[in-house]
Amino acid sequence: MSSIVTPLVDRRLVRAHLVAAFVFFFIALFAGMLYSLQLGRMYPFPGVELLSAGRIRMIHTNAVAYGFLLNGFIAALYWIVPRLTGKQVLSRTLSWVVFWAWQLIVATAAGGIVLGYAQAVEWGETPTFVDPFVLAGAALLIANVGTPILRIATRKLYVTLWYFSAMMVWLPLTYAMGNFVPQYFVPGAGGAAVTGLYIHDLVGLTITPLGWGMMYYFVPIILKRPVWSHTLSLVGFWGLAFFYPLNGVHHFFYSPIPMYAQYGAVMSTMAVEIVVFTVIVNFFMTLRGQTGLLRSNLPLRWFYTGMVLYFTTCLQCAFQTTLTLQKIIHFSDWVVGHAHLVMFGVFSFWILGMIEYLWPKLTGAAWYSRKLSVAAYWMCTFGVVVMFFDLLVAGVVQGYLWKNLAPWEQSLVTSMPFWHVRTVAGTVILAAIMLFAYNMWMTARRKGAAAEDGALSSITAPETEPQTAGAPVTASSALAGS
Amino acid sequence: MEKLPVILLAAGIGCFALAGVVTGYLPLAHLSRIEVKKLEEIVTEPSYEFTDLSRRYPEAFKKHYGEPTVENYRRALRLGRDVYIAEACWHCHSQYVRPVSSEDRRFGKVSYAAEYMNEMFLPHLFGTRRVGPDLIREAGRHGNDWHVAHFYEPTMVVPTSVMPRYTWFFDGDQPNEKGLAMVTYMQWLGSWATPEAIAREEASRAKAE
C-alpha cells in the first residue's frame, strides 16, 4: 500500500473503538443500575453467585474506566495524533491487534471479576493474571501512537501532544505501581498510600490528560480560532504534572498513613484547583464572543458542559479534601457523587461530544436525528446533576448520623429515599445513552449500503476535511512562533 | 517546555517520581521500621470462635477443616481474606477506625500502623466507602450464629440491611468451607484490639514492670 493512497487516519479503526466503547458503556450502565437496585433492596438476582452485587459493582467501575473511557480515548488518539503530527501511526496491523487485544483484556477482566478472581485494588480490580496483559496492551498502543510523535520530536509540540505524550509515560508507570506494589510488596498503611496514588493517578495522569488533550484539539477546530493563551496552557499542563500526582493520600485521610503525607495531600489538592481554574479560564476566553455556538453546536455544548462540571467537581474537591470536611463526608455517598460527576459528567460528556462531532465524518452521513441528540444531551445533564446533588446531600446526612452515634441501621433507613432517587437519575442516563446509541446506529445505517459499495474508495479517498485538520497545526505553529 | 524530551523526562518521569518519593516512598520508609510479620508469627493458637464453629457445625467443620488446630485456623483465615476480596466486601466495609467523628466510641480503638504490618493486610483492605459498618474491630462483636445467619440472609438479623445474600457460602443449611472461613475471618478482625485484649496486654505490661 503506497503512502499516496493511504489516508492519515484509519477511520474504520476509530469507528470500531467507538462502537466497542459503547458496548462496554451499556455493560457499565446496566451494572451500575443493578448495584443501585441492590442498595434499594430491589435486586433482581439475590443469592446468585455470578451476579452478586459486590462483583457487579466492580464490573460497573472497570467497564467505565477500561471499556468505555479508554476505548473512547484510544479512538481520539488515533484520530488526533496523525493529524497533529502529519505522520501515520506505526502500523495499521498493530492498530487492529491492539484493538482486539484490548477488548479481550477488558472482557477477560470482567469475566475474572464475575468468577471471583478480583484484585483488592480500587479501579484496579482486574484479576492479577490480567495485569501483565494490560501493561503489554498499553505498551503496544503507546508504541503505535507514540511513533508519530517521536518522528517530530525535534519540533515544538502542540498542547494536545504534551498531554498525550506525558500520558504515555504515566499510564504504564501508574498501572504497574498500583497493581503490583500493594499486592505483593507493601502491606497496610504503606500499601494504602500507594493505592491512593494509583486511584488518583489513574484519573489524574491518564484520563485527565487524555481528556484535556482532546479538548485542546477539538475546541479550537470547532471555534476556528487558536486557544486564548499559550501561557495558561503551559501553566495548566505543568501544574497538572507537578501537583496532581501529589494528591494520592487524600483518599485515606485519618488513616494510619503518616500525617505529614496527609497534610501534603491537602495542600497539593488545593493547588490543583488553582491550576484547573487557569485551564477553565483559558477555554472560556477562547469561547468569548461565540457563546451562541453552545446552542447550535452540539459537540461544543457537550464539551463546555463537561468543563463547567469539571470546574464544579474540582472546586468541590478542594473543599472536601480539607480535614474538617473529611470528618463528616469521608466514607459517605458524598464521594460517590463526586466520582460520578467526574467520570460521567466530565469525561463521558467529552467523549459523547467527540462522537457527536466525529460520527458523521466516520460514517459519511449526517446525524439521523438532531432531536435525539439534543434529547440525549439534556437527559444526561439532568441525570448526572440530579444524581450528584442527591448523593451530596445523602453523604452529609450519613456523615452526621454516624458522627452522632445513631444506630448504624438508621443511616440505611435514612439513605433509602436518596438511593431511590439515584436509581431514577441513573435510569434517565441509561435511557439517554440508549437514544444516543440508536441515533448512532441509524446514522451509520443511512450511509450503510453506499459505504459498503465504496469500500475501496473509502481506503483510497483522501481525507475529506484537510481544512479542519489544518486548523490546530496552524494554531500550534502560531503558538510555537510566539 | 514544549518539546518531547522535556515533557517525557520532566513531566512524565520527573513529576511522577517526585510524587512517588514524597507520598509513596517517605511514608513507606517511615513505616518500614515496623517489622512485617507472617501469619504464623501473629497467630499461635486457634481462636475461641474457630473452636466454637467446630462444635456448632461439627459435620461441616469435620468435612472442610478436620480438627480446630492452629494450622487449620490459619488456612481458614487466609481463605476468609481471599473470599472477602473476591466478593469485594471492602467496597462497602472499611477496615480502619479514624480518630474523628465518634468512631472510637462506635467501633473501638483507633487504628494504628503496626496492626496492619502483617501478611493479612497485603494487599491492605482499608476501603473508601461505608455502606455497612467498619469491620476492623469486628471480632467478638457478634456470635458465630449471628454471622452464619447474616451471611445467609442479612435481613434475618438486621431487618433494614442492604447487604447481598451469600448463599454460596452454604451447602444446604450448613456453612461450607467458604462460609466457615468468612466467619473465622470476621471473628479475627481486630481480635488483638478488643477491650479484653487491651486489658490483658496492659496487665502483662504492668506485671513486667
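Two residues are in contact if their C-beta atoms, placed from the backbone, lie within 7 Å. The model is predicted: local features need pLDDT of at least 70 and side-chain atom pairs pLDDT 80 or more, while totals for chains, interfaces and linings use all residues. Residues are numbered from 1 along each chain as its sequence is written, and chains are lettered from A and ligands numbered from 1 in the order of writing.

**Exercise 1. Describe the contact between chain A and chain B.**

Step 1. Count the residues: 73 of chain A are in contact with 62 of chain B.

Step 2. Find the main contributor on chain A. Helix H6 (residues 188-223) gives the largest share of that side, nine residues. Helices (H or I, at least four residues) and strands (E, at least two) are DSSP runs, numbered from the N terminus.

Step 3. Sort the chain A side by class: 49 nonpolar, 15 polar and nine charged residues. Here Ala, Val, Leu, Ile, Met, Phe, Trp, Tyr, Cys and Pro count as nonpolar, Asp, Glu, Lys and Arg as charged, and the others, Gly among them, as polar.

**Exercise 2. State how H2(A) packs on H6(A).**

Step 1. Take the angle and the distance. Helix H2 (residues 53-85) of chain A and H6(A) pack at about 40 degrees, with axes 10 Å apart. Axes are lines fitted to C-alpha atoms, for helices over the stretch in contact, and angles run from 0 to 180 degrees between N-to-C directions.

Step 2. Name the arrangement. The angle makes H2(A) oblique to H6(A); under 35 degrees would be roughly parallel, over 145 roughly antiparallel, 65 to 115 roughly perpendicular, and the rest is oblique.

Step 3. List the residues. Leu69(A), Phe73(A), Ala76(A) and Ile80(A) of H2(A) meet Ile207(A), Leu210(A), Met214(A) and Tyr217(A) of H6(A). By class, this contact has eight nonpolar, no polar and no charged residues.

**Exercise 3. State how H2(A) packs on H12(A).**

Step 1. Helix H12 (residues 333-363) of chain A and H2(A) pack at about 40 degrees, with axes 11 Å apart. H2(A) and H12(A) are therefore oblique to each other.

Step 2. On H2(A) the contact residues are Val64(A), Leu69(A), Gly72(A), Ala76(A) and Trp79(A); on H12(A) they are Met343(A), Phe347(A), Ile351(A), Met354(A) and Leu358(A). They divide into nine nonpolar, one polar and no charged.
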